[in-house]
Every structure is written in structure tokens, then in C-alpha cells.
Amino acid sequence: MVTVNLEGKTAIVTGGANGIGKAASVELAKAGASVVVCDINYEGAQAVAEEIRKAGGKGRAVRTDVSNEEDVNALVNQTLSEFNHIDILVNNAGVSKAVKFIDTDLAQFEKFLNVNIRGVYLCCQAVLPHMMRQNHGKIVNVASIAGREADEFFVVYSATKFAVIGLTQGLAKEMAEYNINVNAVCPGIVRTELWENLLRQLKSSKEYQNLDNEEIWDQFMTTIPMRRSQEPEDIANAIVFLSSDLAKNITGQALNICGGLRPR
């Protein structure tokens with residue numbers, strides 16, 4: 001039986017308080033990693049770290065706004081102070097909103113950029129010097145199938161996720177000589193708190209105003225060949241795999257986890 005062993009590894013997971021970030025934090029800890037759960041929602045991050053500790057793992061919570069350079073540097077310094085090394089970085093923090101492009105104002109545009117791509121940039125910039133010195137590391141960026149093919153209502157969000165995939169591909173080539181793997185996962189439709197907010201936003205549009213949330217959700221399910229949504233754990237399992245030595249020769253890739261919704 002193939003098993004993933006991350007004993008002795010230290011992982012940072014951004015946006016770790018809920019959804020995919022929470023699942024990734026828990027599954028990385030189950031595989032043996034010490035996990036630093038960071039989120040702007042500190043209470044949520046604390047709850048996840050406590051869940052990890054109660055299960056016998058090593059979890060630590062740090063309040064972090066990934067768009068703030070001082071916060072990110074403090075996160076890395078605290079992680080190094082406590083665990084001495086950083087082996088895995090999961091850039092999961094992100095924001096989304098269902099809105100037509102013409103209705104997007106500059107403040108919304110800048111928020112998408114600041115969290116979804118500036119946050120990835122800052123975290124990679126802060127962590128990479130340490131990974132380069134130790135000559136190994138794994139970075140997994142959470143993109144989206146919307147970063148492979150853009151959709152209406154998600155134009156700006158899609159643009160930021162395209163950027164995440166581009167950063168992943170280029171950085172993988174630059175970091176290969178340091179034995180650092182850089183990959184992305186592209187979730188499909190995952191019913192997290194983020195998607196609950198999106199359903200409410202879609203209901204306010206004229207296209208969906210006569211449908212309730214469950215009817216809107218059912219419409220999205222019909223677009224998936226496997227006719228089921230993805231669970232946070234589905235994405236987390238791929239993150240754990242890409243964080244392990246089982247994926248030592250996989251880099252620069254963007255892995256769709258979408259039930260066949262995006263075939264490429």
C-alpha cells in the first residue's frame with residue numbers, strides 16, 4: 001500500500017481556517033507534518049490548529065493577511081523560530097465574488113489582485129530563500145478551473161487564477177535547480193463557505209432570481225460529468241500528494257480536480 005509520510009516536515013497553509021485550507025491543514029498533519037495554519041480569521045485558524053493537536057498532530061495558528069508584506073514576513077519568522085525549517089507552502093488564501101465585469105469597481109478589482117495573486121507572490125518571496133538554502137521544498141498553489149477557462153460572472157477572479165497558474169509554471173522552472181517543486185491544484189465546484197456566498201450573489205442576478213439556492217446548485221451539478229461536487233478533502237488529498245516525495249518529479253503542473261468539468 002502506498003502511503004504518504006511527511007514526518008519531520010513543516011508546512012504553512014494560508015487561508016487555513018475553513019474549506020479547502022482547513023482540509024489541507026488537517027490532512028497534512030495526518031501525514032505527519034507540523035502545520036502552521038494561517039488566516040486573517042485568527043479564531044478559525046486557532047480552532048483548526050486545536051483540532052490538529054487533539055488528533056495528536058502538531059498545529060500552530062498565526063493571524064496573517066497574505067496581502068500584507070509585514071504579516072507574511074512575521075509568519076515566516078514565527079514558523080522558523082518554532083520549527084527551524086519550512087518544507088511545504090500551500091498558497092490557498094483567496095477571495096471570489098459572482099459579479100459581472102461591468103459592475104466590478106476598482107476596489108473589488110484590487111481586492112482580487114491583492115489576495116489572489118499578491119498574496120501568492122509575497123508568500124513565495126518570503127519562503128523561497130529558506131527552501132533554496134536547504135535545497136528542497138514543495139509549493140502548492142490553489143488556483144481554479146476558472147484559471148483554465150474563464151466564465152461569466154467570474155471575469156476578474158478568473159484573471160487572477162490564470163495569473164496563479166502562470167506564476168506556478170514559470171517559478172517551477174526557476175526553482176528546479178534547487179530541488180523545489182512548484183505545482184497548482186485547480187478545484188472545480190466545492191461547496192464551501194465561499195460557494196455559499198456565491199450562490200447568494202448569483203440569486204440576486206436576473207439570470208437566477210427566480211431560483212432558490214438549491215436549484216441554482218443543482219444547475220451547476222448538471223454541468224459536471226460525474227454529477228457531483230468536489231469535497232474539500234478531494235483537493236486536500238491532491239495537495240498532500242504534491243507535497244510528498246511521491247511527486248518528486250512533478251513540477252510546473254496545474255492539476256484539475258473537477259469531476260471532468262474541465263477536461264484539460
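This is a predicted model: local features need pLDDT of at least 70, side-chain atom pairs count only at pLDDT 80 or more; totals for chains, interfaces and linings use all residues.
Residues are numbered from 1 along each chain as its sequence is written, and side-chain values use heavy atoms, with hydrogens and water left out. Local features need pLDDT of at least 70 and side-chain atom pairs count only at pLDDT 80 or more, while totals for chains, interfaces and linings use all residues.

Biologist: How many helices and strands are there in the protein chain?

Modeller: Both kinds of element are DSSP runs numbered from the N terminus, with helices (H or I) needing at least four residues and strands (E) at least two. Counted in this way, the protein chain has eight helices and seven strands.

Biologist: What radius of gyration does the protein chain have?

Modeller: The radius is taken over C-alpha atoms, and the globule rule is 2.2 Å times the number of residues to the power 0.38. Because a compact globule of 264 residues would come near 18 Å, the protein chain agrees with the rule at 18 Å.

Biologist: Does T14 count as buried or exposed?

Modeller: T14 belongs to strand β1, which covers residues 10–14. Buried means under 20% relative accessible area, exposed over 50%, and partly exposed in between, with a 1.4 Å probe and protein chains only. T14 has a relative accessibility of 1%, so T14 counts as buried.

Biologist: Which residue's backbone nitrogen does the side chain of T14 reach?

Modeller: Leaving aside residues up to four places away in sequence, T14 touches several residues (heavy atoms within 4.5 Å), including C38, V66 and C123. At 2.8 Å, the side chain of T14 reaches the backbone nitrogen of N92.

Conventions. A polar contact is a pair of N or O atoms within 3.5 Å; within protein, one must be able to donate a hydrogen and the other to accept it, and residues adjacent in sequence count only if both atoms are side-chain atoms.
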